[in-house]
Amino acid sequence: MSGRDAPDPAVLHRAFRYALALTHDRTQAEDLVHDAWIRVHGRRQAVEPAYLITTLRNLWIDLQRRRAVVPMVPLDHEVAGRPLTEAALVAHDEVGHALGTLPEAEREVLFLNVVEGWTAREIAELVGRPRNTVLTWLARARHRLATWRANHPDQEVL
């Protein structure tokens, strides 16, 4: 791999954090970033973060549609005598659980707004929804997390 073919670690890290917000599963997030990178890198010289994120989101939507058509059966709690991935263990963490209970749309817009610093208008363009819908999702997500926080005052918030 030549120097110009090497991925920018900062771009990949941003994409991974976004994928993790969508999937709430480390392994699935890694797979999404990999697939998105392969698609984007094959079409462009320089990979722009916004283009990579849009591609990643489209892949996620395709995956969700596929799951709706072909239901997936979960495996047992162990695979080949070993516990499932670290992400499965993190699911027991209460903060992770609180974020995991948010609907996907709310978790996605909350991540893009709080972590990535995107505006409601930018998020609306990405998800193809009106700005007011995005603002509603953000308000609902914040309210749900505030309610969780009030019920768990001893827990740290991310």
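# Helix packing and the nonpolar core

Leaving aside residues up to four places away in sequence, Valine 134 touches Val109, Ala120, Ile123, Ala124 and Val127. The structure is a predicted model, and the protein chain contains eight helices and two strands, which follow one another along the sequence in the pattern α-α-α-β-β-α-α-α-α-α. Of the 158 residues in the protein chain, 32% are buried. Among the contacts in the protein chain with a separation of 6 or more, 60% are between residues 24 or more positions apart.

**The nonpolar core**

- In soluble globular proteins, nonpolar side chains tend to be buried together.
- The largest nonpolar core in this model has 36 residues, and the residues with the most contacts inside it are Tyr18, Leu52, Leu56, Leu112, Ile123 and Val134.
- Two or more residues of this core come from each of helix 1, helix 2 (26-43), helix 3 (49-69), helix 6, helix 7 (120-127) and helix 8 (131-151).
- Helix 1 gives the most to this core, contributing seven residues.

**Helix 1 against helix 6**

- Two packed helices are described by the angle between their axes and the distance between the axes.
- For helix 1 (residues 9-23) and helix 6 (residues 104-115), the axes come within 8 Å and cross at roughly 150°.
- Because angles over 145 degrees count as roughly antiparallel, helix 1 is roughly antiparallel to helix 6.
- The crossing in which helix 1 passes helix 6 is right-handed.
- On the helix 1 side the contact involves Arg17, Tyr18, Ala21, Leu22 and Thr23, and these meet Arg107, Glu108, Phe111, Leu112 and Val115 in helix 6.
- By class, the residues of this contact between helix 1 and helix 6 divide into six nonpolar, one polar and three charged.
- Tyr18 of helix 1 and Leu112 of helix 6 both take part in this contact, and both are listed among the residues with the most contacts inside the largest nonpolar core.

**Helix 6 against helix 7**

- The axes of helix 6 and helix 7 come within 10 Å and cross at roughly 135°, and the two helices are therefore oblique to each other.
- This crossing of helix 6 and helix 7 is right-handed.
- The residues of the contact of helix 6 with helix 7 divide into five nonpolar, one polar and one charged.

- Aspartate 8 lies in the segment before helix 1 and is partly exposed, with a relative accessible area of 41%.
- Although aspartate 8 and glutamate 48 are 40 residues apart in sequence, their C-alpha atoms are 9.8 Å apart in space.
- Histidine 24 is found in the loop between helix 1 and helix 2, where this residue is partly exposed, with a relative accessible area of 34%.
- Most residues other than glycine have a negative phi.
- The phi of histidine 24, by contrast, is a positive value near 60° in a residue other than glycine.

Methods: Residues numbered from 1 in each chain as written. Predicted model: local features only at pLDDT ≥ 70, side-chain atom pairs only at ≥ 80, totals over all residues. Heavy atoms only, no water. Axes fitted to C-alpha atoms, helices over the stretch in contact; angles between N-to-C directions. Helix = DSSP H or I, 4+ residues; strand = E, 2+ residues; numbered from the N terminus. Parallel < 35°, antiparallel > 145°, perpendicular 65-115°, else oblique. Left-handed = near helix turned anticlockwise from the far one by under 90°. Contact = heavy atoms within 4.5 Å. Nonpolar A, V, L, I, M, F, W, Y, C, P; charged D, E, K, R; others polar. Core = buried A, V, L, I, M, F, W, Y, C linked by side-chain atoms within 4.5 Å. Buried < 20%, exposed > 50% of the residue type's maximum accessible area, 1.4 Å probe, protein only.
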